[in-house]
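Here are some quick notes to read alongside the model. Have a look at the fold before going through the points.

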Amino acid sequence: MSADVEAFLAHLQVERRMSAHTLDAYRRDLFALAGWAEDGGHAGLRGLQPDDIRAFVAAGHRGGLSAKSLQRRLSACRSFYRWLLRHGHVVANPAAGVRGPKAPRKLPQVLDVDEATQLVEVPTDAPLGLRDRALLELFYSSGLRLAELVALRWRDLDLDGGLVTVLGKGSRQRSVPVGSHAVAALRAWRADSASGADAPVFPGRGGGPITARAVQMRLRLLAQRQGLFKRVHPHLLRHSFASHVLESSGDLRGVQELLGHADIATTQIYTHLDFQHLAKVYDAAHPRARRKRGAAGEDG
């Protein structure tokens, strides 16, 4: 029963180049399916029907799994059976038409423009100040994922042209603009570190790339030093970048390209953030939108 799952996971790792985190999630979900099928007396995963997949999801729901976790389980099942179908091991995908519970959409928190400016303008004369300024400016300027930032080499940056080239999810390469403040910060950092083209832009101990964990911890510390009391993390800067660009441009497709989203539905969450911003502006500015702050007739 597990041989099909292991072969599928090997395909994801070798051919699809999925991250270790995603592979672990697929492994957990598919082995949960295999265990459920075995406990239920099923001969194997290849013989499961749509009603079986629905029952598997229902069992997870009764077990207290969130709607988001159940959606992830279903996604793993669909991908797994799609692979089995392509290799002729099943005649249909039993998970294809199964719907999971709808997860409430949680809007990401963002920094406003003033908070983002307050964060990135760390003192450059502090220990590691030039590196910290370059790291923060690039994060906010280009909306990079954490994994993309830590993997950067100097050869990936075209400071004269104001561009950075990164390898995103699914090994998709994209080029993203780098703003003038980030370019200046990166030039200052490179002059101080005297690094070659193949060197990591942000090295850690031993000269290799800085770890994702080190960046997360540094960001939290810098936010506290700069007087920000929100929970600041790398993805918050990516969310803030996307929200601020969309707020100014209204170009959803452009933001999709900048973020490297394969599906525009992933980017559409920022339209909700943009609407929230506009609603606040409207409530504050429109004379007929202002709510009364006291008793009726106060504005007589």
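1. Start with the place where two helices touch: Ser2, Val5, Glu6, Phe8, Leu9, Leu12 and Gln13 in α1 meet Leu23, Tyr26, Arg27, Leu30 and Phe31 in α2. Contact here means heavy atoms within 4.5 Å. By class, that makes eight nonpolar, two polar and two charged residues; Ala, Val, Leu, Ile, Met, Phe, Trp, Tyr, Cys and Pro count as nonpolar, Asp, Glu, Lys and Arg as charged, and the others, Gly among them, as polar.

2. A word on the source: this is a predicted model, where local features need pLDDT of at least 70, side-chain atom pairs count only at pLDDT 80 or more, and totals for chains, interfaces and linings use all residues. Residues are numbered from 1 along each chain as its sequence is written, and side-chain values use heavy atoms, with hydrogens and water left out.

3. Back to the pair: α1 (residues 2-14) and α2 (residues 20-39) pack at about 165°, their axes 11 Å apart. The two are therefore roughly antiparallel (angles over 145 degrees count as such).

4. On to the strands: three of them form an open, antiparallel sheet in the order β1-β2-β3. Strands pair if DSSP finds at least two bridges between them. At the edges sit β1 (157-158) and β3 (173-177), each pairing on one side only. Five bridges link β2 (residues 163-167) with β3, and Thr165 stands opposite Ser175 in β3.

5. Overall, the chain has 13 helices and three strands (DSSP runs of H or I, at least four residues, and of E, at least two).

Conventions
Axes are lines fitted to C-alpha atoms, for helices over the stretch in contact, and angles run from 0 to 180 degrees between N-to-C directions. Angles under 35 degrees count as roughly parallel, over 145 as roughly antiparallel, 65 to 115 as roughly perpendicular and the rest as oblique.
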